[in-house]
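I'd like to talk about salt bridges today, so let me put the structure up.

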Amino acid sequence: AGFTGRKQALHDMLAGTIVHRQPGSSAGMVIGIAVAGFVFIAVIGILAAIAIPAYQDFTFRAKTAAIYGAMSAARVPIAEYNMEKNAWPATWEQAGAANPMSQLGAREREVAQDIRLGKEGEVIASIKIAGASGEIRITPKRTGNDIAWTCTASKEIWKYIIATCRN
């Protein structure tokens with residue numbers, strides 16, 4: 001299983017050489033370092049496999065939050081139109097608001113296909129995100145002089161929608 005001190009001395013004398021080993025160094029240490037390196041690489045790989053999809057979900061959720069924010073900005077002019085005319089606007093011009101699509105940045109427009117007005121004052125965004133298609137709807141309900149808004153979203157895109165819209 002290896003050279004003892006006496007066997008090493010006999011070998012050195014017969015071979016005419018001297019094998020010098022430094023104290024503390026051995027092949028075991030090299031193997032230990034290699035194993036630690038492989039374990040480190042495996043841990044980094046596992047963390048990347050978890051972190052990358054989570055980061056992508058986070059960025060998609062940020063985009064849908066920006067879309068929701070742009071949609072929410074249209075609530076005030078729609079509510080004012082309804083209070084004045086006792087009807088819901090059919091166009092953005094009637095509501096006195098710009099289409100929320102014009103407020104979105106390039107990254108959000110990659111996800112939002114369209115934002116339109118519904119017949120009952122709803123603000124509806126068609127979303128296509130990570131291969132899934134669906135809608136975010138902000139719906140008004142008038143009770144007397146108050147208008148309450150609710151947000152709903154298609155189940156296909158729930159994973160990427162802010163909690164407010166995950167009825």
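Let's start with a quick one: is glutamate 110 buried or exposed? Keep in mind that this is a predicted model. Glutamate 110 has a relative accessibility of 57%, so it counts as exposed, the cut-off being over 50%.

Now look at its partner. Glutamate 110 makes a salt bridge to lysine 63, with 3.6 Å between the closest N and O atoms. That pair links distant parts of the chain: lysine 63 is in helix α2, residues 27-73, while glutamate 110 is in the loop between α5 and β1, and 47 residues separate them. Lysine 63 comes out at 14% relative accessibility, and because buried means under 20%, that's a buried residue. An exposed glutamate 110, then, and a buried lysine 63.

Okay, on to arginine 137. Glutamate 122 sits in the loop between β1 and β2, and arginine 137 in strand β3, residues 132-143, so the bridge ties together parts 15 residues apart in sequence. Glutamate 122 is buried at 13%, whereas arginine 137 is partly exposed at 27%.

Arginine 137 also has a salt bridge with glutamate 135, at 3.3 Å, N to O. Glutamate 135 is partly exposed too, with 22% relative accessibility. Zoom out a bit, and salt bridges with shared partners join Asp114, Arg116, Glu122, Glu135 and Arg137 into one network.

And how many salt bridges does the count come to? Six. That's me done, happy to chat.

Conventions
Residues numbered from 1 in each chain as written. Predicted model: local features only at pLDDT ≥ 70, side-chain atom pairs only at ≥ 80, totals over all residues. Heavy atoms only, no water. Salt bridge = Lys/Arg side-chain N within 4 Å of Asp/Glu carboxyl O. Helix = DSSP H or I, 4+ residues; strand = E, 2+ residues; numbered from the N terminus. Buried < 20%, exposed > 50% of the residue type's maximum accessible area, 1.4 Å probe, protein only.
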